[in-house]
Amino acid sequence: MPWHSIASVAEDGIAARRALSQLRPSTPDIDERTGKARKYLSLPGADFKLDIHPSTPASWLTGGDDILLIEGLLKGDSVLSAQLLETYDADKLAVRETPEQARQDLHDLMEGMPARVRVLVVSAASVTMWERPDELREIGMKGRRAFVAFDGDLSVNPMVWKQANRAMTFLSRRTGTGTYAIALWDTAVEVAKIVAGIDSDAKVGMDEYLTRIGSFYGDLMDPERGLIASALPPEPQAEPDHKVGDWRVRKDCPAIVEELIASVLPDGSKGQPRWEVRSHIGLEILEVRSTRLPVEEERRTGRVLDTVDAPSIEEIVARFHVLPHDGDAEFDEVQTFDVRMPASAMAASRDGDWASLLRAGAMKLPAAVLTHAHYPPRDMKAWLAASKASSQVDVTNGWATMGWLPTGSGGAFVVGSTVIAATEAEEKSTVSGLTPAVLPRASAWGVEDHYREMTHREWETAFVADLRKALDIWFGAFASPEVAAIAWGMMLRPTMPARGAGSVLYVTGGAGKGKSYLASCIMSGYNAYAGAWTHHALPGTAADTVASTEVALSQTPIWVMDDLAPNSDAGRGSTRTSSVEDMIRGVFNGTPRRRMGDAPVPPAVAHLIVTAENAPTVESIRQRTWEVNVGSGLLVEGGRERFEEAVADGLFARIVGYAARSWVNGSHTEGTPTWTDRVRFAEDECYGEAAAYVEDIASRLLGTADLSRQARQVEKASALYGPVWALMTAYSRALEHTGGNLSGDATLKVLDDTIPEALTAHAMAAAALHAKNTPGRLALRAVANLLEAGMAHLTNAVNPGLPPVGGPAERIAAGWQMDGETWKPRGIAVGAMGAHRDSGQVLAVLSTTTAFTKAAKEFPALIPSGSTAAAAWASLDGEKDLIPDWTSAVVDRVRLSASEIEDDKATDVARVRGVVILWDGLRDLLS
């Protein structure tokens, strides 16, 4: 029995290959566990796809014909056979000579059937295996009538009834029209079953009905006298066995909880036990949720590890049903209240257990419960047992963060209440555990994903159209292509399953120039609703506490620290700036600060945007950030209006949704079935290809293939272009699938040329700037400032009591001044000056320690706290404008001459050890 997936038939038509085979033995084995015959056999681990016949024409998949969901391949084929038999003469249905000819002829016959009588049959392996929404995407569902045709025992089998009810709800949502059931449970079928000689205890399926009872069109599908039902029969209940002392929640009113008590007849004998009402407060347990941070292995593999030794919060989501204590279920309204409570509340054995939780603030109860006459229950343990027995509980992983999270079988992109995963089941079971209590304005976070509302082709078409529109508006609104490219990359950065080094955008400019507005443009990709994030309402500020910001960086995919400004209190201003610098390092490195205690700081997973009046002064921070100054204006005339119109439409939130959905759909590659493969593809291919783009552009810009001095900026640009390259790859595939032409596509040009060129140009300009601001150059600039300010001087290398070589200008620049007729040094000595004995070059030989220590003390803006002399001087290696080309070491011992000194009694040559600097180079730094 060959099963053919919908996707294979949609793609290959009658040439579709079977997905798997199922066997029906002539003499079935008996299952020892159930005592039932094994009517069908399949290989272990077989993945049963939803089946349609391989001869099904494409017009049946995309048209508006009815669709029928059925259990079992043979039952599905019996429905198709009945349609053919009732439409065509027997000679047209004669056996063909070859399977290939049979498929083709059957395809032609199905194509020729009138549209009004076509019913597309979709077969599931069992009533529990129909929920394959991704497979159904190949079928145009909107506007179709849908039917569920499970066996007639659904009226007595709770499990079959539940699955039929779920299927009808699902299909109604997909089709947007009513869904119907085929009423094989109807009494007319029961009567016909007896007439047809079918065992009265046997269930009737579609195959039995069509072969032994009635016709498809005339009897079963007739709109007036057929078996089409708009609703299922009442849900059958599996009644549990109860003993005296048990409690239960009444089925007809979830607010009434009863106890089974013994009764005594008037003659003193034992009577029939009866149910006595004990409470008008019922508890329905909806969900058990475990909330914690995922570990790196879970993010990479998509698996949820049971052995993770990580702090977690186990909680219950429950619903109270409350009826007045003297109320009547028939006449009084039942109030409902949804609450969260710690999982330990479910282990309570007496009312004092809940009282302890309430006193400790671990849980809160609605006032209608606390003030109710039936609270606490007479027997807390029995009341809870009844609640558990009557509840259908979902078990979910509530994650204490957003971004990419494991589902158990893959990855899901979670932002606010939006979950983007491969299947609907994964989306339902993967939730963010963040609430406004732990993340202020948690409800403002979200992205837009409409994949479940359309077919895959419709989604690809929408993806192509929206991306074209978004790039046109985005790059048309910003005054600078470089700023537009950086902002676009920052918005997409969290959509990469492999994070890599964090990206940090540092925006500077005067008041009202658009710093915060630029941050809001990027945050528009994470709007749960229009206006969720604006330049007046951003996720965080630079004034927030360090602890709260550290936690936020571990909870969100992207964060904003807005408005870092000078402070009238120098100490507070310095502390705040230092804290921001620590945050930037933590985001870039993805590592937490360590501290003592039971609550360690979690690592940052967010990328970061900082807005400030002034640029950072610490060079190591500047090298880790994208510095953007908006002082000359952010947007072109009319750009803001177009941009805000797109934001109100949710366009950029949809772009982020498309980017994330592309990863769970596998839109970038073929042959990457596992989540681990996709994460590895992001690491190796996306970032690797992005690096190749950036390196090629940088080599052309600089005219050299040696990018060793620009390595950090190349890495930074590659990280920001990686998600753009991934989006470009997904867009290219969607464009091909929807019949578009890749050649000359304007959107591809922006993604393939404009963005990487703008990012690389900005990064290379930053690299050139950083080359002039190495720790060694900054230390020398500080030393030059010491000399100019009169805080230090350079001695004569041969005779420290006399001024150094050169004329008055050189001596003044070296920290000396005329006092009457005599040259006097100013400040402390930080080195010596003289002419190199061999080359004749005038050199300054700085004290390796004294010069650095004094400079660091007086000019901390140039030499940040924690810098070391050894690292600073070592960074001067290779600086040809500062270090003589005849020395192989920055710190060296050289022979200096003092031939120009006025005291001819002085020694001609001295050997001096220190940091050897060309005097002209040092003076240039001062100028």
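## Close-up views of a predicted model

**View 1. Gln-713, a buried residue in helix 23.** At 3% relative accessibility, Gln-713 falls under the 20% cut-off, so we call this residue buried. Keep in mind that everything here comes from a predicted model. You'll find Gln-713 in helix 23, which covers residues 711-737. Which residues is Gln-713 in contact with, once we leave aside its neighbours within four places in sequence? They are Gln-623, Ala-763, Met-764, Ala-766, Ala-767 and His-770.

**View 2. The largest nonpolar core and Trp-488.** This core is made up of 115 residues, and Trp-488, Tyr-526 and Phe-652 have the most contacts inside it. Helix 23 supplies the largest share of the core, with 13 residues. Zoom in on Trp-488 and, skipping neighbours within four places in sequence, you'll see contacts with residues including Leu-467, Leu-471, Trp-474 and Phe-652. Val-724, Leu-727, Leu-751 and Ile-755 are also among the contacts of Trp-488. Elsewhere there's a second, separate core of 60 residues, with Val-9, Leu-50, Leu-120 and Trp-130 among them. As a bit of background, nonpolar side chains in soluble globular proteins tend to be buried together.

View 3. Helix 20 runs over residues 639-648, and its residues Gly-639, Phe-643, Ala-646 and Val-647 are buried. Why do we say that the buried residues line one face of the helix? Look down the axis of helix 20: its buried residues fall within an arc of 105 degrees, so one face is where they sit. Glu-641, Glu-645 and Ala-648, on the other side of helix 20, are exposed. Helix 14 (456-477), helix 16 (515-523) and helix 21 (651-665) are among the elements covering the buried residues. After helix 20 comes Gly-650, which has a positive phi, near 80 degrees.

View 4. Glu-683 belongs to helix 22, residues 675-702. Is Glu-683 buried or partly exposed? Its relative accessibility is 29%, so Glu-683 counts as partly exposed. The side chains of Glu-683 and Arg-300 make a polar contact at 2.5 Å. Not counting residues up to four places away in sequence, Glu-683 touches Arg-300, Ala-498 and Gly-688. Check out Met-496 too: along the chain it's 187 residues apart from Glu-683, yet their C-alpha atoms are separated by 9.0 Å.

**View 5. Thr-549, a buried residue in helix 17.** Helix 17 takes in residues 546-555, and Thr-549 is found there. With a relative accessible area of 2%, Thr-549 is buried. Leave out residues up to four places away in sequence, and Thr-549 touches Asp-544, Trp-559, Met-561 and Met-583.

View 6. The strands line up in the order 4-3-5-6-7, with mixed pairing. Which strands stand at the edges? Strand 4 (119-124) and strand 7 (228-229) do; each has a single partner strand, so one side of each has no neighbour in the sheet. Strand 5 (residues 146-149) pairs with strand 6 (residues 179-182) in the parallel sense, over three bridges. Here Phe-147 stands opposite Tyr-180 of strand 6. Helix 3 (residues 73-85) packs on the sheet, where it touches strand 3 (66-71) and strand 4. The direction of helix 3 makes about 170 degrees with that of strand 4.

Terms used:
Residues are numbered from 1 along each chain as its sequence is written. This is a predicted model: local features need pLDDT of at least 70, side-chain atom pairs count only at pLDDT 80 or more; totals for chains, interfaces and linings use all residues. Side-chain values use heavy atoms; hydrogens and water are left out. Helices (H or I, at least four residues) and strands (E, at least two) are DSSP runs, numbered from the N terminus. Buried means under 20% relative accessible area, exposed over 50%, partly exposed in between (1.4 Å probe, protein chains only). Contact means heavy atoms within 4.5 Å. A nonpolar core is a set of buried Ala, Val, Leu, Ile, Met, Phe, Trp, Tyr and Cys residues joined through side-chain atoms within 4.5 Å. The arc is that of the directions from the helix axis to the C-beta atoms. A polar contact is a pair of N or O atoms within 3.5 Å; within protein, one must be able to donate a hydrogen and the other to accept it, and residues adjacent in sequence count only if both atoms are side-chain atoms. Two strands pair if DSSP finds at least two bridges between them. Axes are lines fitted to C-alpha atoms, for helices over the stretch in contact, and angles run from 0 to 180 degrees between N-to-C directions.
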